[in-house]
Amino acid sequence: MEFFTDGASILRSLTSYLSAESTHILDWFHLTMRLTVLQQYALGFAHVDAAGAKALQDGLTSIKWHLWHGNAERALEKILDLDDILATHQDDPLVAKKYSKCKPLARLLADFHTYEEQNSGFIVDYSERQRYGERVSTSFVESAVNQVLAKRMVKRQQMQWTKKGAHLLIQARTKVLNEEWEDCFRQQYPDFRSVPTEPMQMAA
């Protein structure tokens, strides 16, 4: 059994509890989310150092490539290289006036290094998995949660889901994803879309 998570230790403990023989994989979606934020910060760094900003962007692209191919060790080395670029600027008061996010960028980079280091054992060769048609991300689930649930649960919405309604919706969504929805529906309505006994003939 394979579990994809965002790397939180509590989730790793939960997956191990559910299945001791399970395989834990760091979700590619969550890796790229963090890299995207770093790339946005790196664009702003051009106000301080155009060459440094280019080096940051190229470095982040390289880090993403190494992670995509499962080389967590090399990616960690690349992160430290980027930290050296920022180190020459982050204590300069003139830099702070031009680009106030220099120190936050350094903190985000350090956080990303820690995050990757803690989850390096769960980073796989995503490119190979994709090549063989295996899952690398749960982004479609994250999208469904955000679009269907999160937006309905916020207080600004005039119509909100109740906790019970949200729970029932999650169950229905899970059945759809597991391709079990029709069977469940058919238990209540036996005449619903009868299952074909023979494969359908393709049109000529």
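A residue is taken here as buried when its relative accessible area is under 20%, as exposed when that area is over 50%, and as partly exposed in between, with a 1.4 Å probe and protein chains only. By this criterion tyrosine 126 is buried, because its relative accessible area is 0%. The structure is a predicted model, in which local features need pLDDT of at least 70 and side-chain atom pairs count only at pLDDT 80 or more, whereas totals for chains, interfaces and linings use all residues. Residues are numbered from 1 along each chain as its sequence is written, and side-chain values use heavy atoms, with hydrogens and water left out.

The protein contains ten helices and two strands, where helices (H or I, at least four residues) and strands (E, at least two) are DSSP runs numbered from the N terminus. Read from the N terminus, the order of these elements is β-α-β-α-α-α-α-α-α-α-α-α. Of the 204 residues in the protein, 30% are buried. With contact defined as heavy atoms within 4.5 Å, residues 24 or more positions apart provide 57% of the contacts in the protein that have a separation of 6 or more.

A nonpolar core is understood as a set of buried Ala, Val, Leu, Ile, Met, Phe, Trp, Tyr and Cys residues joined through side-chain atoms within 4.5 Å. The largest such core comprises 31 residues, and those with the most contacts inside it are Leu31, Phe45, Ile63, Leu67, Phe112 and Tyr126. At least two residues of this core come from each of β2 (23–26), α2 (28–44), α3 (50–68), α4 (72–87) and α6 (102–118). When residues up to four places away in sequence are not counted, leucine 67 touches Trp28, Leu31, Leu35, Ala72, Ala75, Phe112, Glu116, Ile123, Val124 and Tyr126.

Helix packing was described with axes fitted as lines to C-alpha atoms, for helices over the stretch in contact, and with angles from 0 to 180 degrees between N-to-C directions. Helices α2 and α3 pack at an angle of about 170°, their axes being 9 Å apart. This makes α2 roughly antiparallel to α3, given that angles over 145 degrees count as roughly antiparallel, those under 35 as roughly parallel, those from 65 to 115 as roughly perpendicular and the rest as oblique.

By class, the contact of α3 with α4 has eleven nonpolar, four polar and two charged residues.

Aromatic pairs were assigned to rings of Phe, Tyr and Trp (its six-membered ring) whose centres lie within 6.5 Å, with planes under 30 degrees apart counted as stacked, over 60 as edge-to-face and the rest as tilted. Three such pairs are found in the whole structure. One of them, formed by tryptophan 28 and tyrosine 126, is tilted, with 5.0 Å centre to centre and 45° between the planes. This pair links distant parts of the chain, since tryptophan 28 belongs to helix α2 and tyrosine 126 to helix α7 (residues 126–131), 98 residues apart. Tryptophan 28 counts as buried at 10% relative accessibility, and Trp28, Trp68 and Tyr126 form one aromatic cluster.

Serine 137 lies in the loop between α7 and α8 (139–153) and counts as buried at 12% relative accessibility. Apart from its neighbours within four places in sequence, serine 137 is in contact with Phe4, Asp27, Trp28 and Phe29. Serine 137 and tyrosine 126, eleven residues apart in sequence, are 9.1 Å apart in space, C-alpha to C-alpha.

Glutamine 118, placed in helix α6, counts as exposed at 54% relative accessibility. Cysteine 184, in helix α10 (residues 181–188), is partly exposed, with a relative accessible area of 27%.

Definitions and conventions. Ala, Val, Leu, Ile, Met, Phe, Trp, Tyr, Cys and Pro count as nonpolar, Asp, Glu, Lys and Arg as charged, and the others, Gly among them, as polar.
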